[in-house]
Structure formats: structure tokens, C-alpha cells
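Keep the viewer open as you read.

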Amino acid sequence: MVLLGLLPTIFLLAVSGARSIQNEEVWEAILYGYIIDYSSPAYLARGDVIFDVPNKDAVVAISANPQMNEEVVYSTSEHTAAENFAASAGVEGSYGAFSMAASMSVSQSSDSSIKTVRLDSIIKALQYEVSAISELRTFPENFLTENFKNSVRSLPVEKIEELIGSFYARRLDLGGEVKKSYIMQA
């Protein structure tokens, strides 16, 4: 699964005698669970840390991957934006997180002579690729945090999904995304 635009800059409050703000390292994004968040621009939010990696060099690969792509998605009343976004992300069947992309999407008007179209222009600028390798990729259960294990034992599924997330990523493309949406009726 590829996640984009999640971590332009993340700050953690480090408490070590005195309070200070410290940047989190780029590779640490792979340690989190992810939540489907319809209010977020990428429709994803970071949940809680679920992995503890004592030696990152053995199980996490960090690669520079500078690239910029533009994608234009055109939707009509008959072919919705959710279907187009899901197709462009390789999602089949249910559109899950992408169904909210249609919140401003084209809708069927009660007057059949009025058609609605939507044009989305998306520019993605990538910086890094972070991948789980070796044992973290093949046996992630060996790296679970105690907090995550306790949460699974004691919290209901709904709370786990809300606080920790419903999935984790084995690979992340990190960078930024700018999206412009135009909606027109004719």
C-alpha cells in the first residue's frame, strides 16, 4: 500500500528534563497504524505507534525517490469521482476510503437535462520511499509494541480502529500533494 502526503513535517514533544521540540525521523512513519480519515486531504491519518524497531538499519530501507507527477481525473454524473480515484489507486470493488472523495463529487440532478462534471488536477511531489524489509516485512508480529498488544487484548475493535488504525503500511512514498477540484454544471 502506498501512502502519500502524510508527513511533510512531524513534531514530537521530547521530554528529557527540559521541554523541546524535535523532528521525527522520516523512516519512523512506517512504525504507525493508519486510520481512514475522511476529513484529511489524503483521507488517511496516523494512528498510534504499533512497531518497536531497535535496529532500523536491519529492517527498514530508506531511499531517496525525488519525482513529481501530475494526474487529471475527469468525472461525470454517470461515472463518479470515487470510482475514478479508486481505479487510479488500484482499489477494486468497494471504494472504501475513496468514497469520501466524492463528497463534492458529481451528483445526479433531479432535472435530467442538467449534467454535472468534475475535474481534479492532482500534483504529487515525492521525496522518499520507506520500506519494511527483512524480518519486519515477513514477521511484523515480532516487532509489536507492548501498548499495541495490550490494546488488542482489552479494547473493542471499534476503539482499535479509531485510536490505532485499521492497517499498517509495508511501504510508504513520502512527499506532498496538491489537488485542485473544479465542479461544473451544464
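## The cavity

The largest cavity holds about 40 Å³ of space. A cavity here is a set of points, on a 1 Å grid over the protein atoms alone, where a 1.4 Å probe fits but cannot get out. Grid points are joined across faces, edges and corners, and the volume is the space filled by probe spheres set on the points. Searching the whole structure turns up one cavity of 30 Å³ or more. Bear in mind that this is a predicted model: local features need pLDDT of at least 70 and side-chain atom pairs count only at pLDDT 80 or more, while totals for chains, interfaces and linings use all residues. Residues are numbered from 1 along each chain as its sequence is written, and side-chain values use heavy atoms, with hydrogens and water left out.

Who lines the largest cavity? The list runs Ile-30, Phe-51, Ala-132, Leu-136, Arg-137, Pro-140, Tyr-168, Ala-169 and Arg-170, where a lining residue has an atom within 4 Å of a point. By type, that lining splits into seven nonpolar residues, two charged and no polar ones. For this count, Ala, Val, Leu, Ile, Met, Phe, Trp, Tyr, Cys and Pro are nonpolar, Asp, Glu, Lys and Arg are charged, and the others, Gly among them, are polar.

## The nonpolar core

Some of those lining names come back in the largest nonpolar core, including Ile-30, Phe-51 and Leu-136. The core has 21 residues, and Ile-30, Leu-31, Phe-51, Val-53, Val-60, Leu-136 and Leu-172 touch the most other members. β3, β6 (116–132) and β8 (171–185) are the elements that give two or more residues to this core. A nonpolar core means a set of buried Ala, Val, Leu, Ile, Met, Phe, Trp, Tyr and Cys residues joined through side-chain atoms within 4.5 Å. Buried is under 20% relative accessible area, exposed is over 50%, and partly exposed is in between (1.4 Å probe, protein chains only).

## The overall layout

Zooming out, the protein has five helices and eight strands, following the pattern β-β-β-β-α-β-α-β-α-α-α-β-β along the sequence. Both kinds of element are DSSP runs numbered from the N terminus: helices are H or I with at least four residues, strands E with at least two. Of the 186 residues in the protein, 34% are buried.

## A three-stranded sheet

Three strands make an open, antiparallel sheet in the order β4-β3-β7. β4 (44–49) and β7 (167–168) are at the edges with a single partner strand each, so one side of each has no neighbour in the sheet. Strands count as paired if DSSP finds at least two bridges between them.

β3 (residues 32–36) is joined to β7 by two bridges: Gly-33 sits opposite Tyr-168, and Tyr-34 opposite Phe-167. Tyr-168 is also one of the residues lining the largest cavity. On the β4 side, β3 has four antiparallel bridges, with Leu-44 as the bridge partner of Ile-36. Is β3 mostly covered or mostly open? Mostly covered, with four of its five residues buried.

## The β3–β4 loop

Ser-39 lies in the loop between β3 and β4 and is exposed, at 68% relative accessible area. Its side chain makes a 2.7 Å polar contact with the side chain of Asp-37. A polar contact is a pair of N or O atoms within 3.5 Å; within protein, one must be able to donate a hydrogen and the other to accept it, and residues adjacent in sequence count only if both atoms are side-chain atoms.

Ala-42 is in that loop too, partly exposed at 24%. Ala-42 and Glu-177 are 135 residues apart in sequence, but 8.3 Å apart in space, C-alpha to C-alpha.

Ser-134 belongs to helix α3 (residues 134–138) and is partly exposed at 46% relative accessibility. Its phi is near 55 degrees, a positive value in a residue other than glycine. Most residues other than glycine have a negative phi.

Arg-118, in strand β6, is buried at 3% relative accessibility, and a 2.7 Å polar contact joins its side chain to that of Asp-120. Over in strand β5 (residues 60–76), Glu-71 is partly exposed at 25%. Glu-71 and Lys-179 are 108 residues apart in sequence and 9.5 Å apart in space, C-alpha to C-alpha.

Technical notes:
1 Å grid on protein atoms, 1.4 Å probe; cavity = no way out; pocket = protein on both sides within 12 Å on 5 of 7 lines; lining within 4 Å.
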